[in-house]
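Here is a short note to read beside the model. Keep the sequence and the 3D view open as you go through the points.

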Amino acid sequence: MRILGYMARAGGLLLLAALVFMPRWFEPLLRPLTENGAPAIYNQGSLLDLTLAHLGLVAVASIASAILALTLGIFVTRPSGAEFLPLSRTIVNIGQVFPPVAVLAIAVPLVGFGTTPTLIALILYGLLPIFENTITGLREVNPTVIEAARGMGLSARQRFMDVELPLALPVILAGLRLSIVINMGTATIGSTVAAKGLGEVIIAGLQSSNTAFILQGGLIVALLAVLIYDAFGLLERAVARRAGTVDA
Amino acid sequence: MIEIEHVSRRFGTTLAVDDVSLTLERGTITAVVGTSGSGKSTLLRMINRLIEPSSGAIRIAGQDTASLSGEELRRGIGYVIQGHGLFPHWTVARNIATVPVLLKWEKARIDRRVSELLELLQLDATVYANKYPHQLSGGQQQRVGVARALAAEPAVLLMDEPFGALDPIIRSQAQADLLALQRRLGVTVVLVTHDMEEALHLAGHIAVMDGGKLLQFASPAELLARPKHGFVERLIGTSDRPFRLLSLRSVADAVEPGDAEGRPVPDTTTLHDALADLLWRQATSLPVMSADGAIRGRITMAAILARAGAPAVSSPPE
């Protein structure tokens, strides 16, 4: 089973690399999907540039989401912040309930076209999984362990940094992973407001009824999402092993 | 020495601990016994100030515990809880090193102390030092918990139901280990338990609590002989009293000169176990041997039975 997993990962990576670096290879496959002699391979820019821009957009948004959600999640699980839990939860939920397209529609008149409105939409959309998992992860730490830490004379800060956070980390990472993967797909809509990314390929295909373009853009985004999801899964398991929550 | 003076703790409107005063001698084991909600754990946790007393004072070796910060105080007091509370993401060695690391000991000194403790608790350092808690059995986890509590050589060891999560066979082994360890280190142990049997077996003094009040503070023999009327009496269970009394004394106390037939009993056996042996073998007397194997006399049924009654001086005035 493990061998199969490695082969699938290697296959996915190779396919992704080929799609980004050697798009010409796929011309014979994509040709039948085009009509009236339209180009089968995206020709309005470098796929590599778009992929990097896309990844950059998601990375910046996810880091910002993570910082916001972690800070908020940690704050509301401290005794001093407990009363802000319902309020924070409501705010974060609104971020999730509001469709990113609607956020773009509101943000563009305020901040203009480009990367900024897309980042706002992605950050808001990515908050919830990290926030909720931070709370769950911290709450699930065995109270006996925290009691022992107090009894040994660890200060509140030492208890948090040395015990609570490392033990909650696998659950927090699971939230981060979910958030990144959601944003991988959601970032494509940024192209509607002129943010550089793989959405351009898909939108170009939609505008010219070119299924080959749509497939190309979609495949790259999907492969990126699957591979990142998988890589984070491996990281989580490694962290969980270190946290002693699963057997080595 | 731990002096607890007029200590109370109020939670909201309820008084969890109500004006308790106790003096625990240095190097002894004291058991605090009571049902759940009796305030026994609260009393224990006030000694290391995991719970702050609402009123009263606690002094350890003459020093008021309120004169230190809670964290400083707790780093100087061993603490063992039910279900061990080991840090699951740290190895056994790192767990044991918790307090020495907090106290910023040098690495070489910490390493030395960790191996010393592993040896003391009969855990092979080469096998266990780098294991994680979930890879150990319940009994081993409990021992690592004790090792962690003893790491910084505290003079006081607080134990809150330390054997509660262990199955009976491992529990009696763990109790025997604790007794041996305490004798060796001379540490002052305060142990909270709901199990009177455990208290009688381990402790030199027993404090019985109910509803936040200290009902009686006495040695096991005294407690058995003269339990306070009511709750303490019920907790002791009057029907088992003679047998419990016999459990407190060893054959060495009742040995008499003379010969007897049969396999000898060691003089360290409790009178309770010797009685069981006599009954099982349907004998009226058995030879007694000392630790070196020499026969030093005999133990008779009559001698045991004579020690199973209420002490003459302390027979309750009926």
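1. Helices (H or I, at least four residues) and strands (E, at least two) are DSSP runs, numbered from the N terminus.

2. Some ground rules. This is a predicted model, in which local features need pLDDT of at least 70, side-chain atom pairs count only at pLDDT 80 or more, and totals for chains, interfaces and linings use all residues. Residues are numbered from 1 along each chain as its sequence is written, while chains are lettered from A and ligands numbered from 1 in the order in which they are written.

3. Is helix 7 of chain B largely enclosed or open? A residue is buried if 20 or more other C-beta atoms lie within 10 Å of its own, exposed if 12 or fewer, and partly exposed in between; C-beta atoms are placed from the backbone. By that rule 10 of the 13 residues are buried, so helix 7 of chain B is largely enclosed by the rest of the structure. Among them are B:Q141, B:R143 and B:L150. The cover includes strand 6 (77-81), helix 5 (107-120) and helix 8 (168-185) of chain B.

4. Turn to chain A. Its secondary structure comes to 10 helices and zero strands. The C-alpha trace spans about 75 × 50 × 20 Å along its principal axes. Of the 248 residues in chain A, 40% are buried.

5. Look at one helix pair in chain A. Helix 6 (residues 115-139) and helix 8 (residues 156-186) of chain A pack at an angle of about 160°, with their axes 8 Å apart. Axes are lines fitted to C-alpha atoms, for helices over the stretch in contact, and angles run from 0 to 180 degrees between N-to-C directions. That makes helix 6 of chain A roughly antiparallel to helix 8 of chain A. Angles under 35 degrees count as roughly parallel, over 145 as roughly antiparallel, 65 to 115 as roughly perpendicular and the rest as oblique.

6. Finally, the two chains meet. In chain A, 17 residues are in contact (C-beta atoms, placed from the backbone, within 7 Å) with 18 residues of chain B. Helix 7 of chain A gives the largest share of chain A's side, seven residues.

How values were computed:
Contact = placed C-beta atoms within 7 Å.
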